[in-house]
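Trainee: I have a chain open on my screen. Can we go through it step by step?

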Amino acid sequence: MYTPAITGTGVFTPSQIITNAELVKAFNAYADKTNTQNAGAIEAGEMEPLAHSSEEFILKASGIEQRYVMDKTGVLDPDVMHPKLPQRSDDEPSIMAEMALDAAKKALEQAGRSAADVDLVICAASNLERAYPAVAIEIQQLLGCPGFAFDMNVACSSATFGIQAAADMVRSGSVRAALVVNPEICSGHLEWRDRDCHFIFGDVATATLIERKEDATGAHFEILSTRCATQFSNNIRNNNGYLRRSRPDGVKDRRDMQFMQNGRKVFKEVLPMVSKHIADHMADNEIANTNLKRLWLHQANKAMNDFIGKKVLGRTPEDGEQPNILQDYANTSSAGSIIAFSQNSNDLSVGDLGLICSFGAGYSVGSVILRRNA
């Protein structure tokens, strides 16, 4: 048995930014246009007018100030309200693979490794742009890695579930090193025409290299323990899929084909589940909350993270103990906790303990306990 360790991480950040002000302007223009088109039905009481969004509402509801996206022109066009990503030929790299490739190269560079050192590539994300061939295998080919690759989808928990799978294989000796990549084009499955959620998501890609601790050539984080759990719920759902054309409405636009959630129920049900999951994981590894130096949480909502941080630590987290990056990136699904880890871990000292946790649709929750090594 070997000891797995995280030796490198990488983050690909799109070049385009949508501020809350830009988003509100576009949404309100769409709402006004829709209300005008349906003025008769609204006056007759047959439908409710669409309410305006506001920067104050978005910030209070989420803590988000902006988001990075692969295309802002379509999102901000009241006649489109979704990203416009040109179709690529089958001979070109897919957009997800291209994003993941950038993040993966950064992770390998940080670890002092080459693609030839990687035996496994896992592409773990909330949505994949095609069913097959696996995006992971395409990434493997573009990098030039030997071994094997596969895709994984556990929604917002995909990264931590992927890390557990990779760590288990490194631990057993079936692979020496594995890359877990998380290309998230959340703008593609967000319903930008829904006031309750139009501000939630952004795009990004992350990568994490896991290898045997004894093979590490620089500073790294030993993976002490991983834990995953799931509990079925319909409160976060997306009904899109390959059977879409077989339904009576065919490919006609349907609201339930994009991201949907019952926010109040999610908040009420997920927070106790996640807090208990982390507490039990720490207790089973005999780690007191006073010994935990850093919490890298899923970046969905600032209020949720503040609640979990307070529950886990038994007090209000101090600056830096539970870092948030969603004010800049918004919710990037599985990638959020990895961005937080990648950008807020270098300052830890040898022996310091930290925990990565992601949670979301499923419900699903995954946690990874780490110790900083030289």
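Trainee: What radius of gyration does the chain have, next to that of a compact globule?
Mentor: Keep in mind that this is a predicted model. The chain has 374 residues, and a compact globule of that length would come out near 21 Å. The chain agrees with that, because its radius of gyration is 21 Å.

Trainee: Which share of the residues is buried?
Mentor: A residue is buried when its relative accessible area is under 20%. Apply that cut-off to the 374 residues of the chain, and the buried share is 54%.

Trainee: How many helices and strands are there in the chain?
Mentor: Count each kind separately. The chain has 10 helices and 13 strands.

Trainee: Where is P133, and what kind of peptide bond joins Y132 and P133?
Mentor: P133 sits in the loop between β4 (120-124) and α5 (135-143). Now look at the bond from Y132. Its omega is about -5°, and the bond is cis.

Trainee: E286 has a positive phi. Is E286 buried or exposed?
Mentor: Phi of E286 is near 55°, and E286 is not a glycine. Its place is the loop between α7 (263-284) and β11 (292-297). Exposed means over 50% relative accessibility. E286 has 75%, so it counts as exposed.

Trainee: And S333, buried or exposed?
Mentor: S333 also has a positive phi, about 55°, without being a glycine. This residue is found in the loop between α9 (326-329) and α10 (336-343). The cut-off for buried is under 20%. S333 has 1% relative accessibility, so it counts as buried.

Trainee: What is the volume of the second largest pocket?
Mentor: Start with its lining, which includes V80, M81, H82, W192 and R193. D253 and Q258 are also among the lining residues. The volume of this second largest pocket is about 220 Å³.

Trainee: How many nonpolar, polar and charged residues are in that lining?
Mentor: Sort the lining of the second largest pocket by class. It has 5 nonpolar, 4 polar and 3 charged residues.

Terms used: Residues numbered from 1 in each chain as written. Predicted model: local features only at pLDDT ≥ 70, side-chain atom pairs only at ≥ 80, totals over all residues. Heavy atoms only, no water. 1 Å grid on protein atoms, 1.4 Å probe; cavity = no way out; pocket = protein on both sides within 12 Å on 5 of 7 lines; lining within 4 Å. Points joined across faces, edges and corners; volume = space filled by probe spheres on them. Nonpolar A, V, L, I, M, F, W, Y, C, P; charged D, E, K, R; others polar. Helix = DSSP H or I, 4+ residues; strand = E, 2+ residues; numbered from the N terminus. Rg over C-alpha atoms; globule rule 2.2 N^0.38 Å. Buried < 20%, exposed > 50% of the residue type's maximum accessible area, 1.4 Å probe, protein only.
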